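This report covers how the chains meet, how they are related, and a few local contacts. Please look over the sequence and the structure first.

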Number of protein chains: 2
Amino acid sequence: MIDRVYAEELKRFVGEVFVHLDVPEDEAHIVADVLVAADLRGVDSHGVARLKRYVKGIRGGLILPWTHTTIVQETPTTALLDGGNGMGQVVGKRAMTLCIEKAQRVGAAFVSVRNSNHYGIAGYYAMMALPYDMIGISLTNARPLVVPTYGCKPILGTNPIAIAVPAGQERPFVLDMATSIIAHGKTEVAERQGEPLPPNVAVDAQGRPTRDAAWVRQHGGLLPLGGLRETGGHKGYGLSVAVDILSGVLSGANFSALITGEPGLKSVGHFFGALRIDAFRPVDEFKAMMDEMIRTLKESDKAAGHDRIYIHGEIEYEMEEERRSKGIPLDPRVLAYMREIAAELGLNPPVTFQSGGVSTR
Amino acid sequence: MIDRVYAEELKRFVGEVFVHLDVPEDEAHIVADVLVAADLRGVDSHGVARLKRYVKGIRGGLILPWTHTTIVQETPTTALLDGGNGMGQVVGKRAMTLCIEKAQRVGAAFVSVRNSNHYGIAGYYAMMALPYDMIGISLTNARPLVVPTYGCKPILGTNPIAIAVPAGQERPFVLDMATSIIAHGKTEVAERQGEPLPPNVAVDAQGRPTRDAAWVRQHGGLLPLGGLRETGGHKGYGLSVAVDILSGVLSGANFSALITGEPGLKSVGHFFGALRIDAFRPVDEFKAMMDEMIRTLKESDKAAGHDRIYIHGEIEYEMEEERRSKGIPLDPRVLAYMREIAAELGLNPPVTFQSGGVSTR
């Protein structure tokens with residue numbers, strides 16, 4: 001049996017925690033919404049499991065509880081936003097909102113962000129473009145965990161790429177991927193379960209492949225998408241650098257190697273984009289072709305031993321449906337922390353219930 | 001000993017071939033420049049080795065020798081261009097030129113292209129942005145050769161991504177990568193040399209890993225970047241779909257699965273982007289940070305057995321310097337074809353010379 005919580009109840013609780021830490025109420029709701037969206041979509045490593053780190057960040061003065069964003073520079077199609085070292089989710093939502101507004105006026109727009117913090121799942125912001133019939137893009141750099149090809153020191157972030165594209169009858173295409181083979185959260189899961197990492201996803205201090213989950217969790221050393229050079233790892237390395245350039249260098253935040261977790265200049269940077277589909281062709285024609293493409297992929301011949309081809313975002317949409325109705329399963333340690341912080345702050349802990357049968361990604 | 005040719009002589013010859021096939025002189029020069037740029041950079045699969053296919057395409061009526069491009073729709077920041085089923089290189093250069101002009105006026109711009117043909121190396125167009133202190137982006141879809149994760153039928157192109165970013169003292173960052181693990185050209189090389197493919201880069205008709213280069217060259221079955229699902233192949237699959245959406249669906253060209261090589265609706269699509277750096281921050285500050293990032297990567301600790309970390313584009317820039325001075329080495333079959341077509345059209349064949357010591361990528 002496992003403890004579960006309904007999404008709205010979890011949001012209520014997370015929001016109250018942040019309000020108690022001097023986060024303005026509307027901003028606390030944004031942070032809670034982004035975190036619980038990750039749990040709903042099955043990206044447990046980026047949901048309430050991170051509550052403790054955000055609380056520590058605010059209490060330790062690394063993240064400011066109130067988020068004063070400033071537009072440093074702008075053109076009709078671009079902006080540079082300073083996140084004022086506030087909450088990454090609030091910065092991210094404001095930046096993507098600005099990006100969408102600009103794209104509505106001129107067709108396409110980009111907003112680069114400096115002086116921000118960890119913003120949760122990249123896909124959340126890309127998906128904000130969907131109701132406007134736009135293609136949404138969201139990138140961020142992050143603290144160094146990934147080694148460049150032929151290197152052994154982690155100096156690149158897992159620097160994710162998210163792209164969301166609306167379809168018609170079919171669900172939207174939502175790609176949300178770290179540019180490393182596995183996310184750092186996977187090393188925590190493997191360590192907890194006492195399992196080795198899969199082969200060739202990480203390297204040790206000499207740059208040799210290692211499967212030691214505990215070591216990689218602590219020291220980094222993840223390989224970029226593609227793995228070693230022989231299997232195309234230089235391409236994942238290039239994608240990680242490209243994300244770092246758009247998020248960190250274009251904004252002036254800084255590149256991953258210098259992200260230390262200290263506030264100020266060595267800050268996290270993001271990059272957001274929005275493209276209005278009707279700037280290129282009629283939306284209904286575009287969506288009809290998206291549907292046809294998605295069906296062509298899904299109905300295509302399957303490899304031996306497989307009976308389904310997935311479109312990106314599909315597993316997460318199905319997970320969200322399931323978790324909205326059946327509740328979000330909670331890791332015992334995450335629930336214990338929520339009860340502990342509730343007692344400390346004098347809040348009602350999240351109301352949970354028990355049931356079996358957990359789906360995991 | 002190997003036959004070599006100087007770049008200018010190779011351009012002269014290739015240009016004359018196209019002029020003889022009714023390609024207008026200025027357009028023939030563009031095609032020759034793009035093809036020889038690939039040879040100079042060491043991407044031999046996309047250079048004059050493809051001359052025969054272009055000649056066949058024009059003679060067979062699949063590609064029109066003259067390129068009438070039309071702007072179907074535009075906003076200040078976007079355009080949809082119809083390539084009129086002309087030469088992909090001419091279409092690509094015009095589209096990227098339009099994109100750069102728009103970005104100069106408004107900060108950032110995107111041009112989607114339909115009804116085009118194979119345009120050569122994606123990086124050529126991305127690099128056009130560099131002298132303007134812009135970040136350049138170039139994507140294209142292509143005929144189906146790649147299988148989706150859990151699939152066994154090739155219904156995605158190798159759909160490349162190219163991003164070019166200027167630096168200061170350091171060379172620009174130029175990422176130019178197929179979203180499959182290996183390019184299709186590598187299967188031709190392996191077949192010619194009688195070598196098996198590396199493990200886990202392609203699958204057979206049942207979706208099981210195969211190393212049979214001849215079979216894959218003929219039938220496709222390349223795995224997306226990341227390989228099988230366990231090593232992140234779903235991410236490369238997602239990148240390939242994203243490129244197909246921006247190039248094929250947004251333009252209305254069509255998605256890779258339907259590219260048959262016939263002219264008209266089932267045409268190749270491209271996507272170009274240009275971002276003015278000074279729309280975000282002062283160019284000199286950006287370039288100084290690019291230099292610092294590049295040096296940090298290059299000076300970072302090396303893995304055991306390696307003494308150098310490369311930046312994307314670096315190997316190609318060095319190759320270009322070498323080949324500009326020492327000449328471009330020619331595959332005997334490529335040279336034989338050039339002599340054959342020269343005799344047929346009454347042209348002077350390319351002047352070659354012999355020398356040893358060929359660098360290959």
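## The interface

This is a predicted model. The contact between the chains draws on 80 residues of chain B and 80 residues of chain A. Together chain B and chain A bury about 6,700 Å², and carbon and sulfur atoms account for 75% of that area. On the chain B side, the residues that lose the most area to chain A are B:Tyr150, B:Lys235 and B:Phe280; together they make up 12% of what that side buries.

Polar contacts cross the interface of chain B and chain A in 29 residue pairs, counting pairs with both residues at pLDDT 80 or more. Salt bridges found across this interface number 0.

## What chain B contributes

Several elements of chain B each supply at least two residues of the side that touches chain A. The strands are β3 (78–82), β4 (108–116), β6 (161–165), β7 (173–177) and β8 (268–276), and the helices are α8 (233–249) and α9 (283–298). The largest share of this side comes from α8(B), with 13 residues.

Sorted by class, the side of chain B that touches chain A has 46 nonpolar residues, 25 polar residues and 9 charged residues.

## Relation between the copies

Chain B is superposed on chain A by a rotation of 180 degrees with 0.0 Å of shift along the axis, at an RMSD of 0.0 Å. The two copies are therefore related as by a two-fold rotation axis. Both copies use the same surface, since 100% of the contact residues of chain B recur in chain A.

Which residue of chain B comes closest to the rotation axis? That residue is B:Gly226, with its C-alpha at 2.2 Å from the axis.

## Local contacts in chain A

Over all chains, the structure holds 50 salt bridges. One pair in salt-bridge contact is A:Asp82 and A:Arg114, whose closest N and O atoms are 3.0 Å apart. A:Asp82 lies in strand β3 (residues 78–82) of chain A and A:Arg114 in strand β4 (residues 108–116) of chain A, so this pair ties together parts that are 32 residues apart in sequence.

A:His46 sits in the loop between α2 (25–41) and α3 (51–59) of chain A. The side chain of A:His46 makes a polar contact of 3.0 Å with the side chain of A:Ser45. Leaving aside residues up to four places away in sequence, A:His46 touches A:Leu35, A:Ala38, A:His118, A:Gly120 and A:Ile121.

## Confidence

The average pLDDT of chain A is 95, and 97% of the residues in chain A score at least 70. For the complex, the predictor gives an ipTM of 0.96 and a pTM of 0.96. Where pLDDT is low, the predicted coordinates should not be read in detail.

Note on methods: Residues are numbered from 1 along each chain as its sequence is written. Chains are lettered from A and ligands numbered from 1 in the order in which they are written. Side-chain values use heavy atoms; hydrogens and water are left out. Contact means heavy atoms within 4.5 Å. Buried area is the accessible area (1.4 Å probe) that two parts lose on being put together, summed over both. A salt bridge is a side-chain nitrogen of Lys or Arg within 4 Å of a carboxyl oxygen of Asp or Glu. A polar contact is a pair of N or O atoms within 3.5 Å; within protein, one must be able to donate a hydrogen and the other to accept it, and residues adjacent in sequence count only if both atoms are side-chain atoms. Helices (H or I, at least four residues) and strands (E, at least two) are DSSP runs, numbered from the N terminus. Ala, Val, Leu, Ile, Met, Phe, Trp, Tyr, Cys and Pro count as nonpolar, Asp, Glu, Lys and Arg as charged, and the others, Gly among them, as polar. pLDDT is the predictor's confidence in each residue, from 0 to 100. Copies are superposed by least squares on the C-alpha atoms of residues with pLDDT of at least 70 in both.
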